[in-house]
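Please open the structure in your viewer and keep the selection tool at hand.

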Amino acid sequence: MSAPAKLKDHRPGLTQAAIVLAMPLLLAGCSFAPAHVQPAQPVPQDYPGATSGGASIARIGWRDFFREDHLRALIATALDNNRDIQIAAARIAEARAAWRIEGSALYPELNAVGTGTRGRSIINLPGLGSQSLDVKQVSAQLSAGWEIDFWGRLRNLRDAARNQYLATEEARRALATDLIAQVANGYLLEREYEERVAIAEQTIATRAESLRILRRRYEVGSGSKLEMTQAQTLLAQAQTVLQSLEQDRAINRNALALLVGQPVEIPPGPLGLAQAAPQIDLPTGLPSDLIANRPDIIAAEYRLRAANANIGAARAAFFPNITLTGAFGTASPDLDGLFGDGSRAWSFTPTITQPLFNGGRLAANLDVMKARQVGAVAEYEKTVQGAFRDVSDALVRRRQLALQIETTRTVLEALRERARLAQLRFDHGRSAYLEVLDAQRDLFDTEQALVQLRRAHLASAIALYAALGGGFVGDPGFDPGISGNPMSGEQQR
């Protein structure tokens, strides 16, 4: 027989052997988890009334979004010290450890085992009666065990833990984004109170002078007591407003201290509100950008992936479980002979377990995982809808507040002129002081309202930025509370 013929005869045997050897590897790639399909967005394709184009403002990091140095310092301190962030960091560390635990099951487990046994047994020997036998044995061995993951159960459990870890990481980013917005809003409130307190103090000084003049006129008989009491009322109203503002300001300082994690000192500034606002455009991008930018949406998608992986693990539990265990070492009746000649001992125990009857436990567990997957889809869609509403609400507030500011400024100019004319009429004896009282009260209230509207308009920019998912997009180094960041570029999305 020629050489080519011999090769031809051996090919079927080689092929069969290769198939047998490759079968575990082929089966090891098996998985019963459903393929991940991103649910469709249950929201419109555009934000209602949005006119700005370009990339979403969420792509800008918070250090570039906020331009005031003291505000940036407050935010940085809050990210380092805030207790909620520290709690979230601990949860991330826990989820990361759980991921490592599930992943370790894919590898063989190797243990060094040393045992010693000493005892006495009673045995019955024919013709000799009962005899006692002393038993002594010592052993030292390496013990190994490995579950072959033919059906992907262990890999799916590992993937589920990994996606839960990534969801926890994104949940912390969502918490940090909300923290940034809260600190910025608290800072804006501080500036608002600073400006409103200044207006109130100036108003009190002006009204105190008016009261002094009217009291003097009453004392010399050229004025009425009614006018003097009206001036007293006007002054008391401004003082009441100032006291309320001081109270609210102290409460806001306390809230900021809780957010930042330490007492805060905010130096006085000029009007301040304009400096706290980002002097940049605020493009929203498209609703589809929310999927890539909003950390809570990304977290919901990771939880959906984890639910799919748990379904795969539950399905794999119906199939045989193959475990290889073995041990190699030495054994001897005496410690001195433990490593001597002829003391070697070994064992190899393959085990295959096929579930036959378990009272429906495996089927029920699969139903549980399917129900959780349905819930994860609904949670994802609800999160997308909530994010869309957040952006839409912020856009509406921003547009309407801008209109209200313009209207209030026009009203304020008219009220200033009215107060001036009312004072002139009273000084010339052409009207009662009640007309001055009404004019000054309306002017003071409108001045206070305009500051509140300006602060609210600036806060709407912060709300829009947070609603779009701004803060940490493209900032993989964000990792307060945990040293190091094990996430790869793929995990970072």
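A polar contact is a pair of N or O atoms within 3.5 Å; within protein, one of the two must be able to donate a hydrogen and the other to accept it. The model shown here is predicted.

**First stop: R294**

Select R294, in the loop between α8 (289-293) and α9 (295-316). Which backbone oxygen lies 2.7 Å from a polar atom of the side chain of R294? The oxygen belongs to A467. Now display the surroundings of R294: leaving aside neighbours within four places in sequence, R294 is in contact with A387, D390, A466, A467, L468 and G469. Is R294 buried or exposed? Its relative accessibility is 8%, and R294 therefore counts as buried, the limit for that class being under 20%.

**Second stop: E301**

E301 is buried, with a relative accessible area of 3%.

**Third stop: the aromatic rings**

Ring pairs are counted when their centres lie within 6.5 Å; by this rule the model holds seven aromatic pairs. Select F66 and Y465: their ring centres are 6.3 Å apart and their planes stand at 90°, so the pair is edge-to-face. F66 lies in the loop between α2 (62-65) and α3 (69-81), whereas Y465 belongs to helix α11 (residues 433-467), so the pair ties together parts that are 399 residues apart in sequence. F66 is buried, at a relative accessible area of 1%, and Y465 is buried as well, at 3%.

Then select F32, F150, W151 and F319 together; these residues form one aromatic cluster. A ring with a charge over it can be found at F444: the charged end of R207 sits over this ring, 5.2 Å from its centre.

**Last stop: a strand pair**

Finally, select strand β3 (residues 321-332) together with β4, and follow the antiparallel pairing between them over 10 bridges. Within this pair, T323 stands opposite T351 in β4. How many of the 10 residues of strand β4 (residues 344-353) are buried? The count is zero, and β4 is hardly covered.

Notes. Residues numbered from 1 in each chain as written. Predicted model: local features only at pLDDT ≥ 70, side-chain atom pairs only at ≥ 80, totals over all residues. Heavy atoms only, no water. Phe/Tyr/Trp six-rings, centres within 6.5 Å; stacked < 30°, edge-to-face > 60°. Helix = DSSP H or I, 4+ residues; strand = E, 2+ residues; numbered from the N terminus. Buried < 20%, exposed > 50% of the residue type's maximum accessible area, 1.4 Å probe, protein only. Lys NZ or Arg CZ within 6 Å of the ring centre and 35° of its normal. Contact = heavy atoms within 4.5 Å. Pairing = 2+ DSSP bridges.
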